[in-house]
Amino acid sequence: MADPDCIFCKIVAGDIPATIVDEDERTLSFMDIAPATRGHALVIPRAHAPDLLSVDGEDLKAVALACRRLAGRAKERLEADGVNLINSCGAMAWQTVFHFHVHVIPRYEGDPLRLPWDPAPGDPEEIARAAQELART
């Protein structure tokens, strides 16, 4: 199923050009046109799903496996020192294209990318309350 207004669905259909680096029956991987680092790619399911919470389970699995393939290639072929996998789910989480996708971002010593989160110890009581709400019952 495709969304006629979705830019990524248009890439899947071949209506918009993209630099494709990997594909299989469920996924398509292509270079990001606004890369954070050298080799930054996107992995999407071919079927339209707006976000992580709506993507089909088998498509999610296929995307994860495609991400692993690209991460391995980035380390081997681009000599990346590490790789970030980033998914944004919802506008408040910086999602701007509402077709589920994962950014595969090779990381290099001294690269300019800085993520907006600076880890610091949290309030143990708040952590425990949130954990209680998230835990299976």
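**Stop 1: the largest pocket**

Helices (H or I, at least four residues) and strands (E, at least two) are DSSP runs, numbered from the N terminus. You are looking at a predicted model, where local features need pLDDT of at least 70, side-chain atom pairs count only at pLDDT 80 or more, and totals for chains, interfaces and linings use all residues. Residues are numbered from 1 along each chain as its sequence is written, and side-chain values use heavy atoms, with hydrogens and water left out.

How is empty space found? Rolling a probe the size of a water molecule over the atoms shows where it is left. On a 1 Å grid over the protein atoms alone, a pocket is an open set of points where a 1.4 Å probe fits, with protein on both sides within 12 Å along at least five of seven lines; lining residues have an atom within 4 Å of a point.

Now select Asp32, His40, Leu42, His101 and His103. Of the 29 lining residues, these lie nearest the centre of the largest pocket. The space in this pocket is about 650 Å³. Grid points are joined across faces, edges and corners, and the volume is the space filled by probe spheres set on the points.

Colour the lining by type. It divides into 20 nonpolar, 7 polar and 2 charged residues. Here Ala, Val, Leu, Ile, Met, Phe, Trp, Tyr, Cys and Pro count as nonpolar, Asp, Glu, Lys and Arg as charged, and the others, Gly among them, as polar.

**Stop 2: the second largest pocket**

Select helix H2 (57-77) and E5. Each gives two or more residues to the lining of the second largest pocket. H2 gives the most, with 4 residues. The volume of this pocket is about 180 Å³. Its lining includes Val21, Met31, Arg73 and Pro106.

**Stop 3: the nonpolar core**

Which 11 residues make up the largest nonpolar core? Select Ala41, Val43, Ala49, Val55, Val63, Ala66, Cys67, Leu70, Phe100, Val102 and Val104. A nonpolar core is a set of buried Ala, Val, Leu, Ile, Met, Phe, Trp, Tyr and Cys residues joined through side-chain atoms within 4.5 Å. Buried means under 20% relative accessible area, exposed over 50%, partly exposed in between (1.4 Å probe, protein chains only).

Zoom in on Val63. Leaving aside neighbours within four places in sequence, Val63 is in contact (heavy atoms within 4.5 Å) with Thr27, Val43, Ile44, Pro45, Phe100 and Val102.

**Stop 4: the salt bridges**

The structure holds 9 salt bridges. Each is a side-chain nitrogen of Lys or Arg within 4 Å of a carboxyl oxygen of Asp or Glu.

Select Arg69 and Asp24. Their closest N and O atoms are 3.1 Å apart. Arg69 lies in H2 and Asp24 in the loop between strand E1 (20-23) and E2, so the pair ties together parts 45 residues apart in sequence.

Next, select Asp59 and Arg26, a salt bridge at 2.5 Å, N to O. Buried or exposed: which is Asp59? Asp59 counts as buried, at 7% relative accessibility. Arg26 is partly exposed, at 31%.

Last, select Asp111 and Arg114, which meet at 4.0 Å, N to O. Asp111 is buried, at 7%. Arg114 is exposed, at 60%.
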